[in-house]
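The sequence and structure are shown first.

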Amino acid sequence: MSGFRILVGCKRVIDYAVKVRVKPDKTGVVTEGVKHSMNPFDEIAVEEAVRMKEKKLASEIIAVSCGPQQCQETLRTALAMGVDRAIHVITEPKEYESMQPIHVSKILSKIATEEKADLVIVGKQAIDDDCNQTGQMTASLLDWPQATFASKIEKSNGDLSVMREIDGGLETIKVKVPAVLTSDLRLNEPRYATLPNIMKAKKKPLVTKKPSDYGVDITPRQEIVSVEDPPVRQAGQKVESVEELVTKLKEAGLV
Amino acid sequence: MSNPKLRSQLLYLGKEYPKGYTYFRDRCKTAFMKNKDITDEEEIKMLIARGKFVEKELEALYMLRKYRTLKKRYYE
């Protein structure tokens with residue numbers, strides 16, 4: 001039985017450890033000269049695909065990233081982790097600022113059809129916009145089943161058995177392939193790319209395409225009105241007893 | 001004798017070291033220089049094993065740091 005063809009989405013975001021600063025004109029955050037890396041949840045998605053290939057469940061893994069020229073670094077990391085080839089859908093930096101999950105999911109679904117993918121795995125959300133939409137929208141556009149917030153993926157008789165992390169606890173569902181999966185934090189621990197693999201990755205195929213190659217229009221559909229720092233946390237008050245707490249609550253008009 | 005593969009992998013990992021790349025690079029260089037005249041095969045093997053151990057420790061450090069930050073940010 002031949003393995004799955006897996007498409008993995010990798011977004012280039014500001015590194016998780018960087019302290020984000022809002023631009024003085026309040027139109028966004030400072031990205032110039034700031035360290036960027038692959039979205040951590042996408043790293044987990046790539047790792048899952050690579051593990052499936054190692055277990056011979058998958059036959060080919062293709063990584064996709066949409067954005068400016070620097071996205072190729074993100075794709076090189078994916079290639080170094082074990083992905084077979086990469087597709088870079090290039091956009092102007094200005095266009096990238098207004099790019100939304102709706103645009104990305106249209107592109108991903110077109111690529112999935114073209115590449116005859118069996119699985120599309122993406123991170124559950126990006127740590128910069130926290131949209132949590134791309135996976136779900138892609139599934140809808142492809143009319144494929146989706147298993148989101150996956151913390152465990154297992155093969156069961158040609159279908160997939162996926163354990164999901166939901167508010168109430170853990171839920172296990174069965175999905176038929178082809179399907180879209182989104183990875184949650186506890187799905188796996190991504191590997192660190194070794195230098196030899198990074199060197200080898202330079203020889204793996206990476207093609208550059210444009211959104212128009214897939215017939216996708218990336219004109220912005222939203223306008224960012226303003227970006228501000230979150231409000232400074234007010235200092236709390238310590239109380240000595242339950243009675244005092246009740247009095248204070250009554251004073252504040254909350255009880 | 002400097003094992004270039006081990007050395008370059010350690011330096012690559014050291015780029016994200018919390019105390020800074022320069023700190024890591026200097027300590028790494030000192031460690032390799034200290035042992036450069038050793039010719040006993042057994043000892044060399046042991047030192048290389050120790051170097052690989054440091055590699056694994058670094059990877060574990062970075063992984064834990066990332067996991068804990070994300071867990072705090074998204075799950076609490």
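## Pocket and interface

The second largest pocket has a volume of about 830 Å³. A pocket is an open set of points on a 1 Å grid over the protein atoms alone, where a 1.4 Å probe fits, with protein on both sides within 12 Å along at least five of seven lines; lining residues have an atom within 4 Å of a point. Grid points are joined across faces, edges and corners, and the volume is the space filled by probe spheres set on the points. Among the 29 lining residues, E43(A), T77(A), Y192(A), Y12(B) and E16(B) are closest to the centre of this pocket.

The model is predicted: local features need pLDDT of at least 70 and side-chain atom pairs pLDDT 80 or more, while totals for chains, interfaces and linings use all residues. Residues are numbered from 1 along each chain, chains are lettered from A in the order written, and side-chain values use heavy atoms, without hydrogens and water.

At the interface, 22 residues of chain A are in contact (heavy atoms within 4.5 Å) with 17 residues of chain B. There are two salt bridges between the chains; in one, K66(B) meets E43(A) at 2.8 Å, N to O. A salt bridge is a Lys or Arg side-chain nitrogen within 4 Å of an Asp or Glu carboxyl oxygen.
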